[in-house]
Amino acid sequence: MKIRKALITAANPAQRTLPLQVLIDQEGVAKPALQIILEEAHDAGIEEFVVIVCPGDQEAYATAAGEFRSRIQFVEQSGARGYGRAVLLGRAALAGEDAFLHLVGDHLYLTTSKEGTGCAKQLIEVAVAERAAVSAVQATRESQLPYFGAVGGRLVPGGRKLYEIEAVIEKPSPTEAEKRLLVPGLRAGHYLCFFGMHVLTPAIFDLLGELEAASAGKGFALSSALHALAGRQKYLAFEVSGRRYDIGAAYGVLFAQFALSLAGRDRDLVLRQLVEQLAQG
Amino acid sequence: MASLIDIITSDDPAMRDRPLESVIAGRGWRALLADTEALERYRHGEANLYRRVRALFFLYAIHRFHLPRCSGFPVSGRVPFDGHVHLLDRRFEEAITVFLRAQAAEGASDTLSSALAASYHQLAFQTLADQVRATVRSTTGNTWMFRMGHPADHPLRVRREMLEREAGGPLPILRERTAVRMDLSHSGWSDIFFLGMDYPEGARVLNVSVDLGVHGRDAEPRPPIEACLRIIDEPVLRLTSVDLEATVELREIDEVFDFARDYLGLLKAAVIAAGLVPPGIERSGMSLADLFGRLIAPGHGIEIVSSVNRIPKGSRLAVSTNLLGALIAVCMRATGQTKSLEGPLTEDERRVVAARAILGEWLGGSGGGWQDSGGVWPGIKLIEGVGAQSGDSEFGISRGCLLPQHRVFGRDEISDEARRKLQDSLVLVHGGMAQNVGPILEMVTEKYLLRGEADWRGRLEATGLLDTIIAQLKAGDIRALGQSLTHNFFGPLQTIIPWVTNRYTETLIERTRAAFGDDFWGFWMLGGMSGGGMGFIFAPHRHREGQERLQEIMTTAKRELQSALPFAMDPVVYDFAINENGTMAELLRGPAALFPVAYYHFALPGAMRTEARNLRPGQRIDLQQFAQACREHPAFAGAAQPLLDRLLPSSGGSSRSAAALDGMLAANGFDRAQHEQIRTDLRMGRIGLAMNRLPARTRIEDVPAAELFDLERDGTEALRKAGLDALRAGRVGVVTFAAGVGSRWTQGAGVAKALHPFNKFGGRHRNFMEVHLAKTARAAREAGVRVPHVFTTSHMTHAATEQWARAHLGDALGREVFLSPGRSIGLRMVPMARDLIFAWEETAQQKLDEQKQKVRESLRQALINWARSAGEGSDYTDNVPSQCLHPVGHWFEVPNMLKNGVLRDLLREQPSLTTLLVHNIDTLGAGIDPVLLGWHLQNGAAMSFEVITKRLEDRGGGLARIDGSLRLVEGMALPREEDEFQLSTYNSATNWVDIDRMLALFGLARGDLDDSGKVEAAVRTLGARLPTYVTLKDVKKRWGHGQEDVFPVAQFEKLWGDMTALPDCPSAFAVVPRLRGQQLKDQAQLDGWKRDGSADAIATLCGW
């Protein structure tokens, strides 16, 4: 299995400017969030990118992409027509690929692996080794269920945090989660929630196509297609060693910036500033 | 030969279903004690919950029923006080240890066995209840709610559709409409959780969802339950019950868990069980604003409104469980816990609602069966127990799961025609009786686990009958169905529990059969017992006539029996239709966003009295919505008038009631001066519950039964002859105290206990009066003499007793049977808070299980607040007049006979009369025993009292040596609670009175009885020498549609037993057998009373 392309969705009209937000990366360099996301993918071996954007956003995104500008193919999605449809729009651009990396445009990732392996790279290594679609997941407290898709499944023997997915539910109620998404080995009240990062096979497009045909023009969720995928082929979840930062949430950009700074070159500077702020406050 | 443990442990039904008696029949008491030791050892080593529970029930039954019957089993013993305290505090294992230790040290006795029986019984039920509770908590889908402890962790969010509105318009209202359920089969109460979890294969019911309307009131049947939810612009939880006309606004999380503070406990339980305010967050000290800020958005709250279309309480249609289900469903939908906001629920979702309803019932301290949420499902369904499988939380603990499975019958199985036929024949009614089904359900559980031969046969027959009923329904053969249901009621159900029927129900059936002949196809009991919700099946062409006639028949029968049986309301006939949808929801938007009409009648007056500029935006919108609906919405036509009526004050009802009360006080010789003195003493703390007690230094000594005359041991032929001679000489009369309304018997319902037809004797229900008269009649017949029998009455019982006596005794009334109307009356008072606190906090109380205790404590706090706000020591007048007055204790019963001339007339008519047998209405074994009469005549006492050896339940005093003097002492007069446990005998309250010596005590002779002034003075003088006790009595206040509140009120009493404390009253005491001296105080005692042979023993004394 070769994975050389990434699909990035950034067409939510309410959040279209988020990937353009400028942050200081771990090296102390100011750059748009989009560029940080593209670097994450590139470090994992991705050569080309397909970015789903709102009409008219191409130029701004191209500029924000910096050195990756030439490797991006933009696809426009008009109006808020659902996450599933946004992914489906990448079908033509990803034709012929064994599998592809999928990231969302409003999340930043920081690895916590001892070796410093990036989150996307960890995921792709597992997908290649298992020759299967894999979604990155993170054990998440049930109070966060209203914000994420979540999976249920069984641990794959072998000592890695790898699970065979049996069910996927988008923003499940805690009752639904308890009944269908309990995963042996997790702490009580914790579920495997999506990390915003997947390696998917082209089969996902057939499933999304079926959902679109049945949707009568309404939006449909990627999770529904992922749930169906689990019934059709080997589909795994992997607990990556890393943290995700949703820059679309309240204070999301601030927290992401703290995380980047505290994990990078300017850690002391930022800490000192913080302490001074606290001392004055 | 099989042992009891073989029965418990066997997997073979032929062995497991054997009754206890099959092993222990014929064994002597020492062998039985050996059996109990083996069972006790076994239960401690057994891991399986249900086997342990069965062992507990075996132990209970041996101690309660079998040991006491054994010849030579010692009767007299003492209950260790510390064991009693353990029992009250629900430390059952500790209590059992103490009692067994006493048994080992002092020997077994009837007294100790009664304590052990009570302990094993309660431990068994506690074990079962704990298991159900643990299962409810661990049910998948519920556990997250017990983990959540902080608003920031709330995992639910309100769906955004709930917040969508046009600018200035109303927020939408989500309305859930739900049916109620009928149980068409009644398979022997097999839906009790314990049964379903131990015997899933036998837990089966045919359950029908129905829409309902009150015949003659509602245009057509509709889902009677509505639960509405909307988001509001204030950070509060506003709960409203349209039927109870109650509304409350909550701001703190802990207020949601305060169930008994108002009438909205059910709504609170729903909010908790649905996860809006999850149970885990109780006592977090947080505000609802924090929680709603997370759940909805800052500054927002939730309003929930419930309505059951004024369907009365006690309908046996599981209205409250289905309302709970509807409320939970609407809360779940609004917070994204269901797939769809509107329309029906999925099967999975219905099961979650059912599980949550069970949780809600537990939280609210109530409980139903597992079929009760059937109205959430559509149509006709078979509900069955499910065996526990690997992966179920019940697996390895119980044989069955907590939740049953529902199989909805399609139209291919039960055709439209069959459904229509059922509707064309069945008349659903509410007979109006108020009943507590709890004891029945306990009896069922106990009998199931004991597997008595007849009970078990009945259960198997009822279970088997279900298949017949289903086949008949499928075939549309409603006539045969009616026959099966009737057979079920009169056959297996009454075999298992005789108390499901009553005189009222049987009167209705009899009169309906007489009116309709072969066109009356059958009777069907709904729910736990009859008298409330019932079904009558008619030939279709007489269905409508059946509805009309039944209303008449029920109303007439109720009028005849309302003084004898507790009724909560007038009977009602329903219209019904099968609901084929199950619970359904609809989001009402814009002008259609309306609550039930009645909501506005009490929600709007406040807003209408507010100046327009001060109206909150929400109030303004509600007014606009209502005004527009009155113009345009058909359901709101005529809705404005009742609202206007409510704006004006009305006082007609209360002034009429006050006039009636004044009239009754005047008619019954109320002593206002004495009343004011008592009020002053009460308020000053000179009298009160704590002051009833004798001084702490009083010396209390037991009088062993061995020191007294014992009827069984010391009765002689000579005494019998002396007694018979006196009887034949016309020297004896009987006085039965019948002035009471059985506060415990009907929990304060205010009916004449004497007239309660409590048991079948000689093939039909007989009341207490009939039983006592039958004993006297037999004694008189055998002696060939006239024996006058007086029933004392009071303002509460006289009219009803006289009416009954005229109707049933013919000219015997006034010739052999006499009524002695009360001549003393008291006016109840609002209690002092200190007396309530003393009664509830400073005396040992039976604790309830955890959740019920919490509800009780909340209720008690509310009642203390009520006493303070209503005015401690003020007159209690906020009820019907008969509930405001009280009889002033049975000391007055005999003096009343002096004052009202009854004794004078008796003596004039029968001068030979020298002795009265005086006893309470509930001492069924009391009668003219010649040996006791002979003993009384020979001992020369003015009064000879009968006592019995004590059992645990015999509380209230006994015979003691008080500072050296032998006398009866009231339990409430003993200085310390433990004092009562030193006493080995209990006052049966039956006594023999020497008329002339008694008159002498009053300073009177027979000739003085014509002088009313002298009699009055004599009674007052002697009365002043006796102590006055302040007591608390529970009285019911009825309101709404079958609703009842119970208030503790203060009253005063003087008691007859205190005559023995007078030094100039020579008294004697005899020990009599339990069958003669025991009293029936509580209807929950009836089953044990019948099973232990007491009922049969009473029957042998009677001549019908």
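1. Confidence in chain B comes out at a mean pLDDT of 91, with 98% of its residues reaching 70 or more. The model is a predicted one, and for the complex as a whole the predictor gives an ipTM of 0.80 together with a pTM of 0.84.

2. As to overall form, chain B has a radius of gyration of 31 Å, which agrees with the value near 32 Å that a compact globule of 1104 residues would have. Its C-alpha trace spans about 95 × 75 × 65 Å along the principal axes, and buried residues make up 52% of the 1104 residues. The secondary structure of chain B consists of 41 helices and 31 strands. When contacts between residues at least 6 apart in sequence are considered, 79% of those in chain B join residues at least 24 apart.

3. Chain A can be described in the same terms. For its 281 residues a compact globule would have a radius of gyration near 19 Å, and chain A, at 19 Å, agrees with this. The C-alpha trace of chain A spans about 55 × 45 × 35 Å along its principal axes, and its secondary structure is made up of 9 helices and 13 strands. Buried residues account for 46% of chain A, while 73% of its contacts with a separation of 6 or more are between residues 24 or more positions apart.

4. Where the two chains meet, 11 residues of chain A are in contact with 13 residues of chain B.

5. The domain assignment divides chain B into domain 1 (4-138), domain 2 (151-169 + 227-307 + 319-367), domain 3 (597-647) and domain 4 (698-821 + 880-956 + 975-1029 + 1061-1099). A reader looking for these in the model may note that the C-alpha centres of domain 3 of chain B and domain 4 of chain B lie 61 Å apart.

6. Helix 17 of chain B has 13 residues and reaches 19 Å from its first C-alpha to its last, which is close to the 18 Å expected at 1.5 Å a residue. Its buried residues are B:Ile440, B:Leu441, B:Met443, B:Val444, B:Thr445, B:Glu446, B:Lys447, B:Tyr448 and B:Leu449, a list in which B:Glu446 and B:Lys447 count as charged. The packing partners of these buried residues are helix 5 (49-66), helix 10 (193-198), helix 18, helix 19 and helix 40 (1086-1091) of chain B. After the helix comes B:Arg451, whose phi is positive, near 55°.

7. Helix 18 of chain B (residues 453-474) has 22 residues and reaches 32 Å between its first and last C-alpha, close to the 32 Å expected at 1.5 Å a residue. Among its buried residues are B:Asp455, B:Arg459, B:Leu465, B:Leu466 and B:Ile470. The buried residues of helix 18 pack against strand 3 (204-214), helix 16 (416-425), helix 17 (438-450) and helix 19 (478-496) of chain B. Just after helix 18, B:Gly476 takes a positive phi of about 70°.

8. Two loop residues of chain B deserve a check of their backbone angles. Most residues other than glycine have a negative phi. B:Arg90, however, has a positive phi of about 65° although it is not a glycine, and B:Arg90 is found in the loop between helix 6 (81-88) and helix 7 (92-106) of chain B. Likewise B:Glu245, which is not a glycine, has a positive phi of about 50°, and its place is in the loop between strand 5 (237-241) and strand 6 (246-250) of chain B. B:Arg90 counts as partly exposed because it has 17 C-beta neighbours inside 10 Å, and B:Glu245 counts as partly exposed because it has 14 C-beta neighbours inside 10 Å.

9. Finally, is B:Trp804 buried or exposed? B:Trp804 has 22 C-beta neighbours inside 10 Å and therefore counts as buried, given that a residue is buried if 20 or more other C-beta atoms lie within 10 Å of its own. B:Trp804 sits in helix 30 (residues 798-809) of chain B, and its C-alpha atom is separated by 9.9 Å from that of B:Met769, a residue 35 positions away along the chain.

Notes:
Residues numbered from 1 in each chain as written. Chains lettered and ligands numbered in written order. Predicted model: local features only at pLDDT ≥ 70, side-chain atom pairs only at ≥ 80, totals over all residues. Contact = placed C-beta atoms within 7 Å. Domains from an automatic or database assignment. Helix = DSSP H or I, 4+ residues; strand = E, 2+ residues; numbered from the N terminus. Rg over C-alpha atoms; globule rule 2.2 N^0.38 Å. Buried ≥ 20, exposed ≤ 12 C-beta atoms within 10 Å, placed from the backbone. Expected span 1.5 Å × (residues − 1). pLDDT = per-residue confidence, 0-100.
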